[in-house]
Amino acid sequence: MARARLSASLLQQVPYQAPTWASSLDAPRHRVVLGHWPTPLMPWANPALKELNVRWSLKRDDVCGVELSGNKTRKLEFLLSEALANGHDSVVTVGGLQSNHCRATAVCAKLLGLEPHVVLLVKDQMLQEDPGLSGNLLPMRLSGATLHLCPASAYRAAGGDLAAADHLNEEVAEQLRRRGRDPYVIPVGGTTPLGTWGYLNAVEEFQQQLTELEDPIDHILVPCGSGGTFAGLAVGFHLAQLDGDARRCRLHGVNIQHHPAAYHELIRREAAGLGCSSWAPVTLVDGSGAGYAVAGEAELRFLMDVAGAGVILDHTYAGKALYHFCDYAKVHPERFRDSHILFWHTGAFGCFGWSGFGAAAGLLGC
């Protein structure tokens, strides 16, 4: 019945009631319903870490919708509710060329009657080229989003970090204001204290699902891009007291860019913005590898093996995070042997825009 009521409320602003364990925080009053909740929590026959006798489960935020699939939908429910409430006529956000966040924001904004603008960071040599229609670019462009291509050299000159991306985002927003538009500006990844409420809300959903599990979860693995999803889970797990046991539901984040230390600071900053001074203990594993959205043959083989168990992961976020976490677990087998690990699947749409998967034919012997 709860699912039916939410489905009937799709694209509607509805009153938001925060979880009781978050009652001390200043919660938003409304959200706009964009996804199909709750997302499934399911067993997963993942072949990874068989040598450690690991049991896997999957939290499938990748199936919360179609065009809007992935973790960004939860954040956008709160962010775009504020955009509507304040009378904005457009939305501008920023990300990489195959950004899941930009795709979700563009489609969602259009559904809500807001004009979408996306700032896409591209290699300098691509600046004069049409970016194409592969992967996330297809729904972005079909939704009518205006693409603002920004060269990587400008991004590096501005500092090459999340703050640099937000600076470039604001430059485009200012251009829109000079043309008479009133854009709602969403930082990279939708990572703001307001957006983080999407994953405080997810913790309440997950907490209810945990009561139905016979096999307790020992570890939870989350990909970290802009970091808002992980920050929301870290704060939510602490407030909901899911971190009471030293080994129960231990949170592990894998950074797919930047340095792990940056995410500790981000969690602190997001928690402070929520009015919270503490969060669950977390482990951060360095998964930056050869760079953002760069994957080699070993990672490709790994993603193919995992896909053989029926779940597709991308090379930029989810798949890369799982690959590097498994390497970490093999170095520390005593921490993970005979354990139950849940992987929080944040989406895989971008994998359909990666030319590297063309190499799969050779690996498969095709």
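User: Let's start with a definition: a salt bridge is a side-chain nitrogen of Lys or Arg within 4 Å of a carboxyl oxygen of Asp or Glu. By this rule, to what number does the count of salt bridges come?

Analyst: Good place to begin! This is a predicted model, in which local features need pLDDT of at least 70 and side-chain atom pairs count only at pLDDT 80 or more, while totals for chains, interfaces and linings use all residues. Residues are numbered from 1 along each chain as its sequence is written, and side-chain values use heavy atoms, leaving out hydrogens and water. By the rule you quoted, the count of salt bridges is 14.

User: How far apart in sequence are the parts that arginine 55 and aspartate 215 tie together?

Analyst: Arginine 55 and aspartate 215 form a salt bridge, with their closest N and O atoms 2.7 Å apart. Helices (H or I, at least four residues) and strands (E, at least two) are DSSP runs, numbered from the N terminus. Arginine 55 belongs to strand 4 (residues 55-60) and aspartate 215 to the loop between helix 7 (193-210) and strand 9 (219-224), so the pair links parts whose separation in sequence is 160 residues.

User: Is helix 7 parallel, perpendicular or oblique to helix 8?

Analyst: The axes of helix 7 and helix 8 (residues 228-239) come within 8 Å and cross at roughly 50°. Axes are lines fitted to C-alpha atoms, for helices over the stretch in contact (heavy atoms within 4.5 Å), and angles run from 0 to 180 degrees between N-to-C directions. Angles under 35 degrees count as roughly parallel, over 145 as roughly antiparallel, 65 to 115 as roughly perpendicular and the rest as oblique. That makes the relation of helix 7 to helix 8 oblique.

User: Which residues does alanine 22 touch, not counting those up to four places away in sequence?

Analyst: Alanine 22 is in the loop between strand 1 (13-15) and strand 2 (30-32). At 0% relative accessibility, alanine 22 is buried. Leaving out residues up to four places away in sequence, alanine 22 touches Trp197 and Leu239.

User: Which residues does a cis peptide bond join?

Analyst: Most residues other than glycine have a negative phi, and most peptide bonds are trans. Here is a cis bond, with omega about -5°. Its proline is in the loop between strand 2 and strand 3 (41-44). The bond joins tryptophan 37 and proline 38.

User: What is the phi of histidine 258?

Analyst: Histidine 258 is in the loop between strand 10 (250-255) and helix 9. Its relative accessible area is 28%, so histidine 258 is partly exposed. Although histidine 258 is not a glycine, its phi is positive, at about 60°.

Terms used: Buried < 20%, exposed > 50% of the residue type's maximum accessible area, 1.4 Å probe, protein only.
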